[in-house]
Amino acid sequence: MNLEKVLFAFFSVLALTLNFGFFVGELDDPIHHNAYELFAALIVSLIATIMKFGDRAHIGALLLATSLVADLQLIAAAMVWGTALYITHTDLTQGPISSIVSLSGGALLANLISVLLLVVETATFRR
Amino acid sequence: MQNIVFLMLRRMRLPLIVLITTYAVSILGLVLIPGQDDQGNPWRMDFFHATYFVSFMGSTIGFGEIPYPFTDAQRMWTTFIIYATVVAWLYAIGSILSLIQDQGLRRALAFSAFARKVRRIQEPFHIVCGYGDAGALLVRELVGHGIHCVVVDASQERILDLEVEDLPDYVPALCGDATESDTLLAAGLKHPQCRSVLALSSDDHVNLTVAITTKLLAPDRVVTCRAENKESAANMASFGTDYIIDPYEAFARRFGMMFHSPSMYLVWAWMTAVHNAPLPEFQKPPRGQWILCGYGRFGKAVQRQLAAEGIDTRIVEADIDTTGAPPGAIEGTGTEAGTLLQAGVDSAAGIVAGTDNDTNNLSILMTARDLNPALFMVARQNRSGNRAIFGAARIDLIMHPGTIVAMRALSLILAPLLGDFLRLARDQDESWANVLVSRVVGVMDETAPEIWDIDIAPRQTPAVSVCLAAGETVTLADICTDPRDRNYRLPCVPLLLKRESTQILLPDMDEALRDGDRILFCGRADAFDHIHHLVHDQRALYYARTGIDRPTGAVWRWFAGHRTATSR
């Protein structure tokens with residue numbers, strides 16, 4: 001067993017599960033979507049991205065790309081949140097919260113692809 | 001370059017993860033710790049303000065406690081995270097700095113910068129492997145003639161030498177092992193503009209590897225190799241190395257020539273002299289008993305040639321067993337009077353100091369001169385740095401392997417016909433050589449002649465080709481006429497005219513040129529410029545042929561036509 005592989009898979013899967021945890025619930029209900037969950041999803045997603053740095057295989061490049069997409073989506077979601085609270089002062093009404101959740105839904109998709117790729121890579125791995 | 005990006009990303013993984021984790025923990029702590037607003041109501045910092053606070057605190061800018069003054073619990077946490085973020089930043093920056101100073105990374109950077117520069121070369125160039133005596137001289141000469149080259153050498157010091165050398169053109173150089181094919185590929189082996197590969201290092205094995213690599217990866221590139229051993233020369237020839245230069249053999253052959261036809265030797269010496277070198281003088285070494293100190297590769301080659309000339313040699317060699325010196329050889333270095341006297345220095349005609357140690361060679365000659373001042377002295381100079389002391393020692397003939405290799409390689413690039421000319425000249429007699437010497441002396445002043453060749457072809461000589469296509473005759477004399485005043489002949493001598501399979505040695509000036517002719521010239525550098533002008537400029541060529549300065553503009557042409565019509 002390779003510790004690097006374990007950590008790699010751990011962060012990839014954790015990014016997906018946290019992302020999913022934030023995403024589930026009514027699209028327009030702020031109570032179903034917790035700020036801490038988004039924070040955790042974003043941080044874990046960033047760490048997962050960095051763990052994918054420097055992998056020269058083709059599948060490595062694909063993994064990095066999906067991870068970057070997830071980061072971008074989550075950062076966008078966090079920025080929408082901050083903007084709604086402090087800049088436009090609209091509070092988390094239905095409009096902002098639904099765009100935040102749908103952005104995180106996009107990130108969820110990217111994370112899903114990332115994990116699928118990981119599974120495919122593991123399945124095709126031969127000694 | 002891509003490898004370097006990946007390498008940097010890989011090395012930056014841990015520092016970045018540490019940085020992100022530290023930030024995440026700091027922000028989370030600030031959000032979780034209860035605080036108070038300005039009215040004393042319980043208040044919790046949100047992610048937006050926490051991120052803002054940690055961002056300016058972590059980079060030690062410090063705007064203060066916002067949006068409300070902190071409680072003591074928040075201050076305690078802040079104290080902790082100040083140190084945590086500073087340490088994380090120091091670690092990340094330290095990693096970047098150590099990465100930049102990493103030797104492996106620097107080498108990788110230098111390699112990719114070199115490969116990029118070579119890829120961008122737009123004009124024909126040559127790859128020179130080995131920047132020793134021969135390589136340095138060749139590069140200087142090539143660049144002086146406006147030819148691009150790329151240098152590969154295993155020694156960093158020599159690459160630095162090249163960088164401080166004041167060359168008129170930029171020469172990309174790489175400190176690397178030329179025996180690795182990657183190095184040669186980076187140096188442009190497969191570059192469409194690469195013309196030839198010159199393996200000039202003093203290590204035959206390196207040259208051999210370069211030649212094999214080139215012939216396997218890019219078979220149509222011309223390979224020129226320096227070989228100091230007969231075995232490696234034969235090996236190189238076996239897989240089609242185009243030119244093999246053995247400096248010892250080349251010198252010995254010329255030295256032998258000095259005995260039976262000194263004028264022919266002079267022709268050789270002039271044609272292969274260094275750019276702007278003083279014109280070598282006529283010398284005729286005396287026949288008689290010769291002493292040969294050092295029976296290595298050089299000594300053996302000289303001894304063989306002297307024997308072919310019917311000259312007896314006494315050999316002085318320090319290590320008789322390993323060199324396989326013939327019976328009768330005298331043991332010793334030759335630097336002490338005893339050995340030289342034993343070899344019969346007082347009655348000898350000449351002495352060759354041919355060991356691989358410059359100091360010993362000089363010492364041999366100084367000792368010999370004391371014993372017999374009338375000796376003809378030949379010295380082998382191994383290192384070009386010793387030029388000054390060899391020059392001061394009043395030696396009749398100096399053999400410097402680097403110069404011989406470099407000049408031979410240069411002539412192969414500048415004037416490929418020179419080899420043909422020298423081969424043909426060897427079959428001529430001494431009186432022919434005397435005539436040639438006097439003709440060359442007639443056009444030259446103090447310095448050795450330049451050698452160049454011209455191809456009569458539409459692209460190389462447009463003006464001549466236009467005349468030939470119109471059915472007019474252009475003679476050799478026409479393109480050797482001074483374009484400023486056609487009563488004068490340019491200071492040059494046509495040496496060889498190659499027309500399909502026939503070769504005309506010293507062609508007649510009335511020889512009519514044909515398309516596809518190749519002509520080898522020797523002469524002064526300004527003659528080259530004028531000939532170059534004549535074969536390109538139709539008007540100049542017309543003047544040279546007819547003496548009429550033809551007007552080019554429409555009005556003047558009409559006017560000139562009108563005038564000739566009325567004068568008729």
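Author: Let us start with domains, whose bounds here come from an automatic or database domain assignment. For chain B that assignment gives domain 1 (2–101), domain 2 (124–245), domain 3 (248–414) and domain 4 (446–546). Residues are numbered from 1 along each chain as its sequence is written, while chains are lettered from A and ligands numbered from 1 in the order in which they are written. This is a predicted model, in which local features need pLDDT of at least 70, side-chain atom pairs count only at pLDDT 80 or more, and totals for chains, interfaces and linings use all residues.

Reader: What separates the centres of domain 1 of chain B and domain 4 of chain B?

Author: Taken over C-alpha atoms, the two centres are 79 Å apart. Along its principal axes, the C-alpha trace of chain B spans about 120 × 90 × 40 Å.

Reader: Why is chain B described as more spread out than a compact globule?

Author: The idea is to compare the radius of gyration, taken over C-alpha atoms, with a globule rule of 2.2 Å times the number of residues to the power 0.38. For the 568 residues of chain B the rule gives 24 Å, but the radius of gyration is 36 Å, well over that value, so chain B is more spread out than a compact globule.

Reader: Which elements of chain A give two or more residues to the side that touches chain B?

Author: First, a contact: two residues are in contact if their C-beta atoms, placed from the backbone, lie within 7 Å. By that rule, 13 residues of chain A are in contact with twelve residues of chain B. Helix H2 (35–51) and helix H3 (58–87) of chain A are the elements that give two or more residues to this side. H2(A) gives the most, with seven residues. For classes, Ala, Val, Leu, Ile, Met, Phe, Trp, Tyr, Cys and Pro count as nonpolar, Asp, Glu, Lys and Arg as charged, and the others, Gly among them, as polar. The side of chain A that touches chain B has ten nonpolar, two polar and one charged residues.

Reader: Is Ala107(A) buried or exposed?

Author: A residue is buried if 20 or more other C-beta atoms lie within 10 Å of its own, exposed if 12 or fewer, and partly exposed in between. Ala107(A) has 30 such atoms within 10 Å, so it is buried. This residue lies in helix H4 (residues 94–123) of chain A. Leaving aside neighbours within four places in sequence, Ala107(A) is in contact with Asn19(A), Ala70(A), Gln73(A) and Leu74(A). Over whole chains, 34% of the 127 residues in chain A are buried, and 38% of the 568 residues of chain B.

Reader: Which residues have the most contacts inside the largest nonpolar core?

Author: A nonpolar core is a set of buried Ala, Val, Leu, Ile, Met, Phe, Trp, Tyr and Cys residues joined through C-beta atoms within 7 Å. The largest has 128 residues, and Ile127(B), Val128(B), Cys129(B), Leu138(B), Val151(B) and Ile351(B) have the most contacts inside it. Helix H11 (residues 262–271) of chain B gives the most to this core, with eight residues. A second, separate core of 40 residues includes Ala70(A), Ile17(B), Leu30(B) and Phe53(B).

Reader: Why is H12(B) called largely enclosed?

Author: Nine of the twelve residues of H12(B) are buried, so the rest of the structure largely encloses this helix. Among the buried ones are Arg297(B), Phe298(B) and Lys300(B). Their cover includes helix H10 (247–260) and strand S9 (290–293) of chain B. After H12(B) comes Gly310(B), whose phi is positive, near 75°.

Reader: Where does Cys492(B) lie?

Author: Cys492(B) lies in strand S16 (residues 492–499) of chain B. With 24 C-beta neighbours inside 10 Å, Cys492(B) counts as buried. Cys492(B) and Phe521(B) are 29 residues apart in sequence, yet 6.6 Å apart in space, C-alpha to C-alpha.

Definitions and conventions:
Helices (H or I, at least four residues) and strands (E, at least two) are DSSP runs, numbered from the N terminus.
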